[in-house]
Amino acid sequence: MATPPNSSRRTGQSAAAKTAPATATPPLAKKQAPATTKATATATATPATVPPLPALTLRQVQYFVALAHSRSFTQAAQALSVTQPALTAAIRQIEFLLGGRLFERSAHRLTLTEAGTTILPLAERLLNAARGTFDDMTSTFTLQAQTVRIGFIPSVAARLLPVLGSLREAHPGVRFALSDLPNSELVAALARGEIDLGVGIRDEDDEAASAEGFRCDDLFDDEIVLVARHDDPLAKAASATWAQLTERDLAVFVRGNVSDSLRRTGGSHNLRLEPKYRMEYTEPLYALVRSGLALAILPKLYTLHLHDPELVALDVTAPRVTRTVALMSLDGKERGPQVSACRDWIAKHLAT
């Protein structure tokens, strides 16, 4: 059948219409070409290299720390809520990743190797830092606040806590997690990363406090004093000497460094200053004095709020014995700016 002329004309026009845009080059297309080339170049640029994280996981570190403390695969597995084979496999994987044995195994005993002993405090510090950082991240959404973990010896509470109260008033977004600890435990907790700041006694004999990176900023000196009953012959004077105490029964705290101070003072002056009673808390110590059984030797900070008419606090001279209260931290390892700001605030308002 012959094709009608009109049909041929329409077909030709359609073909021409389809062909024209392909052969024509509008001015707009020429202007857009450089932009298209630039976008393509940007999309294909090599991204910056991100350093890979170690294959060791926090959970594996937690397994190692738990086993190091319990020294028993059975007990550690129970505490971690995992099976013993899973714990054993995890410890083997840790040793493989670190490149050496962490435990010495025998039929009846599990001990840390020398490398394991060295790694344990580092692992504890890593876990505690991770827990603290996670708490900060979650509190950002829940409390809209950041938490600074502070440890302190009990005797400084009366001076430290009002300073922290004024900090809260000035910076309502800051929160505190507070722990009162004996000085040796305070230093150890700071070294393990369990707390961010510590307010305690500078002890040059403590190896952890003398380690590299351990920062101590002196705040003030606290004098060692005597608490006697009001009718004791010594209470009539404004002060007493150490020589006057050699024939008396003395009571001190079972913890702390007052006993060490007595031993050093007695040794350097040929005096017998050996405590007869060692108490855990303040009230039993004062009760010994009220009953006439002993004189109490303790830091002056404990007597700031002593309002007992039966008891008198006296300075002890020849010589005066003091201890240095210091603000402790791990230099350069703060979890965030809030820790640094809190440390600066305490140093400014507590130092004398």
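Helices α4 and α5 are roughly perpendicular to each other, a label for angles of 65 to 115 degrees. Their angle is about 100°, and their axes lie 9 Å apart. Axes are lines fitted to C-alpha atoms over the stretch in contact, and angles run from 0 to 180 degrees between N-to-C directions. Helices (H or I, at least four residues) and strands (E, at least two) are DSSP runs, numbered from the N terminus.

The model is predicted: local features need pLDDT of at least 70, side-chain atom pairs count only at pLDDT 80 or more, and totals for chains, interfaces and linings use all residues. Residues are numbered from 1 along each chain as its sequence is written, and side-chain values use heavy atoms, without hydrogens and water.

**Helix contacts**

Helix α4 covers residues 73–80, and α5 covers residues 84–98. In α4, the residues F73, T74, A76, A77 and L80 touch α5 (heavy atoms within 4.5 Å). Q84, L87, T88 and I91 answer from α5. By class, this contact has 6 nonpolar, 3 polar and no charged residues. Nonpolar means Ala, Val, Leu, Ile, Met, Phe, Trp, Tyr, Cys and Pro; charged means Asp, Glu, Lys and Arg; the others, Gly among them, are polar.

Helix α3 (residues 58–70) also packs against α5, at about 105° with axes 9 Å apart. α3 and α5 are therefore roughly perpendicular too. From α3 come Q60, V61, Y63, F64 and L67; from α5 come L87, A90, I91, Q93, I94 and L97. This contact has 9 nonpolar, 2 polar and no charged residues.

**Aromatic rings**

A pair of aromatic rings is described by the distance of the centres and the angle of the planes. Rings of Phe, Tyr and Trp (its six-membered ring) pair if their centres lie within 6.5 Å; planes under 30 degrees apart are stacked, over 60 edge-to-face, and the rest tilted. The count here is 2 aromatic pairs.

| Pair | Centres | Planes | Type |
|---|---|---|---|
| F64 and F103 | 5.7 Å | 65° | edge-to-face |
| F253 and Y302 | 4.7 Å | 45° | tilted |

F64 sits in helix α3 and F103 in strand β1 (residues 103–105), 39 residues apart. F64 is buried at 3% relative accessibility, and F103 is buried at 0%. Buried means under 20% relative accessible area, exposed over 50%, and partly exposed in between (1.4 Å probe, protein chains only).

F253 lies in strand β8 (residues 250–253), and Y302 lies in the loop between β10 (295–299) and β11 (311–317), so the pair ties together parts 49 residues apart in sequence. F253 is buried at 8%, whereas Y302 is partly exposed at 23%.

How values were computed:
Angles under 35 degrees count as roughly parallel, over 145 as roughly antiparallel, 65 to 115 as roughly perpendicular and the rest as oblique.
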